Each structure stands twice: as structure tokens, then as C-alpha cells.
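Biologist: I want to learn how to read helix packing and cores in a model. Please take me through it, one feature at a time.

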Amino acid sequence: MLSTFLVLAAADDGVDAGKAIALALGIGLGSLGAGIGIGNIFGSMIQAVARQPELRGELQGIQWLGFALTEAVVFYGLIGGLLAYVLV
Amino acid sequence: MKRLLVALFGLALVLPSVALAASDTAEEDKGAFISEEWDLHTWIPIHLGPLDLSINKAVAYLLLGALCSCLIGIVFMRVKVGREPTRRQALGETIYEIAQVQVAEQGLPTHAIGRWFPYCASLMVFIWTVNMLGFIPLPLSDEKVTIFGVELPTLAIFAATSTLSVTLALALMTWTFTHVEGIRVNGSWNYLKSWIPDVPKPMLPLIILLEVLGQFMRLISLSVRLYANMLAGHMLILTFLGLIIVLENAFLAIFAVPFAAVFYLFEVVIVVSIQAYIFAALSAIYIGSAIEPDH
């Protein structure tokens, strides 16, 4: 079972594997960073609202702006990975 | 009743995938249909010299989006507006208020709101409409299905904003307006000077290079953010449903369909609106910061 798998893997010249690794790294590292960032944003938002609940409305606009700006980082990684996957 | 609806919805999602799973696909690239979804085939060829203005799937969605966003404006904000607001008028006023308070006043200086509010508000409504149309199954696709002898396009979800050309055109518009407005208000030399912050002399060439690069990065980040968000949303849904076909196992639907449905809801409820808001708000901020550089 394992040996046939290894033979199959060796038959491939490794290009597809490289592409897959590029895509996975792009998404994986991108979402790692964005995960930390989004966690920070919502954590700070909770703290801020807990301290000054009357500012909630004003903070919400900034919160979503920050969320979308941070979340986009994943997709830069994803697009980089997809470029590697499709074009190379 | 509600449970029945949910069950029916789930069944409606499962059935086509089972039918597709039954049909044989080529052994080599079973997952190819996912990226084929973004191949734009020409429907009506229109060529003006070197310009290719052919109508394809994305253009059809864009036209529909333009029509729908005009209708949103007319129906909610123009038709029979009175002192005592109906529910329709209240919704229209809510849309207007979001565009005014959350988008325009965030970025634009007070004296420029009159000039640039219409642009930012229409950007918000248009992008929201196109994004939203991208999550409503519409009979606008390249695949054909025969029902009772009539060949009809299959229902499909496709967002025009998940093609880079569309978002790049929108971002280019904002980018051009930013610089035109900056030069018009401040004069070209003052405007260019406002890019450069106060730094020691030896650092100047590096900073100038970075600032100029930053202006172009804005273009990329603005367009790629919207594009990649919509692309990734559709791709996730398609991949989860596609797993059923790729692995040729209809029972995977038990896991794949709920996951796809959750992502679908996440996209429809949060991402669609946020991306429209972000694009409009950032446009307002960019234009505002070009008009009053010191802010």
C-alpha cells in the first residue's frame, strides 16, 4: 500500500506538489496572520465596549473597517498561491 | 414548517450534486469544473476596432446589477416619498443614512460631501447589488440543461465582482478621481508635495519612492480585496459541493452541504455588505485625503 503510494509519488516530477505547497502556504500563512489580527480587533472592541458602552455605535464602523482590511490579507496570500498554482 | 423548509432547501442542494456525481467525469482533472466557472465565454460578440466589448457572463451580471441598483434608488428613494414614512421609505432612508453617516462623513471633508457623496453612495449600492446578485441562483450560465425539450441555462451563482477586470475598473475610477480632485483643489505642485512627509534629507529619495509605490499599492489593494473576497467565497462553496463529485461519494453531501450552506450564509449576511461598505468608505477616505492632505 505505502510502497505503491511512494512509487506513484516518485513518478510525478514534483511540479504539482510544488504548486500545491505554494497554494497551501499562501492560504495557511495568510490566514495565520489574519487570524491573529482579527482576534486582536474583536478583542479590543470587546474591551472598549466594556469600558465605554456608549461609544459602541462609533466604534462599530471602525471595527468593521479594520476587520475587512485585516481579512483581506488572507486573500492576498490566496491570490499569490493561486497565481503560483495556475500560471507556473 | 420551518424545519420542512430547511429540509427542502437541503434536499434541493443535494439533488443536483447527486445527479452530477452519477455522470462520469474524466479521470484526469475532476476538479477542473471549479475553475471553469470563471471562464468567460462570449455570448454576443461586439468588436469595436481593437476593443473587445463582447457580452459574456460577467457583463450580463454587471448590466443586471446596474439595472437593479438603479431600481433600488428609484423604488426606495424616489417613488411616492411622503411625510409619514412607509416601511419602503424607511428602508430607503436607512440606506441613505448609511451612505451619508458611515461612508461619506467618515472620509470626505464637509465642503466636499456635496460633490462626492453621489459617487460614494452609488459605488456602495452598486457593489452591494452586484455582490448580492452573485449569491442568488440565476439562469445566467454557460452550461445548458434541457427541461421538457427546451434548452435552458442552468441556475448558477456567479458574482461579476469575482473577476479582476470589474474590480480593477472600479478601483481605477476611484484612483483617477482621487488624483484629479487632489490636483484640482490643491494645484498639482502642492498636491504632489503633500505626499511627502517631514523626514530628514538623506531619507528623502527612499520615502518618495515608497510613497509613490504606496499610491499604486492602493489601486491593487482596493481591487484585489473585493475580487479575492468574492472569488474565495464562491470557490469555497463550490469546492465543498464539488468534493461530492471529485470523490464520487454522494454520502459526503451530509457534511459538504451544511458546510457550504454555512459559508453561503456567512457570505450573504456579512461579507457582501462589508465589502460594499469598505470599498465605498475607502474611496471616500482616499478622495477626502487628496482634497485635504493634512488630515
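Biologist: How are H6(B) and H8(B) oriented to each other?

Modeller: Two packed helices are described by the angle between their axes and the distance between the axes. Here, in a predicted model, helix H6 (residues 164-186) and helix H8 (residues 204-246) of chain B pack at about 140 degrees, with axes 8 Å apart. H6(B) and H8(B) are therefore oblique. Angles under 35 degrees count as roughly parallel, over 145 as roughly antiparallel, 65 to 115 as roughly perpendicular, and the rest as oblique. Axes are lines fitted to C-alpha atoms, for helices over the stretch in contact, and angles run from 0 to 180 degrees between N-to-C directions. Helices are DSSP runs (H or I, at least four residues), strands are E runs of at least two, and both are numbered from the N terminus.

Biologist: Which residues make the contact?

Modeller: Contact means C-beta atoms, placed from the backbone, within 7 Å. H6(B) contributes residues including Leu164(B), Leu168(B) and Trp175(B), and H8(B) contributes residues including Arg218(B), Leu222(B) and Tyr227(B). The residues of this contact divide into nine nonpolar, three polar and one charged. Ala, Val, Leu, Ile, Met, Phe, Trp, Tyr, Cys and Pro count as nonpolar, Asp, Glu, Lys and Arg as charged, and the others, Gly among them, as polar.

Biologist: At what angle do H6(B) and H9(B) cross?

Modeller: Roughly 20 degrees, with the axes coming within 8 Å. That makes H6(B) roughly parallel to H9(B). The crossing of H6(B) and H9(B) is right-handed. Among the residues in contact are Phe177(B) and Val185(B) of H6(B), and Tyr286(B) and Ile287(B) of H9(B). The residues of this contact divide into six nonpolar, five polar and one charged.

Biologist: How many residues does the largest nonpolar core have?

Modeller: In soluble globular proteins, nonpolar side chains tend to be buried together. The largest core here has 56 residues. A core is a set of buried Ala, Val, Leu, Ile, Met, Phe, Trp, Tyr and Cys residues joined through C-beta atoms within 7 Å. Elements giving two or more residues to this core include helix H3 (56-87) of chain A and helix H4 (87-107) of chain B. H9(B) supplies the largest share, 13 residues. Val103(B), Cys120(B) and Ala280(B) are among the residues with the most contacts inside the core. Leaving aside neighbours within four places in sequence, Ala280(B) touches Val103(B), Cys120(B), Leu123(B) and Met124(B). Apart from this core lies another, of nine residues, Leu241(B) and Val257(B) among them.

Biologist: Is Gly214(B) buried or exposed?

Modeller: Exposed, because Gly214(B) has 11 C-beta neighbours inside 10 Å. The cut-offs are 20 or more other C-beta atoms within 10 Å for buried, 12 or fewer for exposed, and in between for partly exposed, with C-beta atoms placed from the backbone. Gly214(B) sits in helix H8 of chain B.

Biologist: What about chain A?

Modeller: Chain A has three helices and zero strands. Of its 88 residues, 15% count as buried.

Biologist: Which conventions apply?

Modeller: Residues are numbered from 1 along each chain as its sequence is written, while chains are lettered from A and ligands numbered from 1 in the order in which they are written. In this predicted model, local features need pLDDT of at least 70, side-chain atom pairs count only at pLDDT 80 or more, and totals for chains, interfaces and linings use all residues.

How values were computed:
Two residues are in contact if their C-beta atoms, placed from the backbone, lie within 7 Å. A crossing is left-handed if the near helix is turned anticlockwise from the far one by less than a right angle, and right-handed if clockwise.
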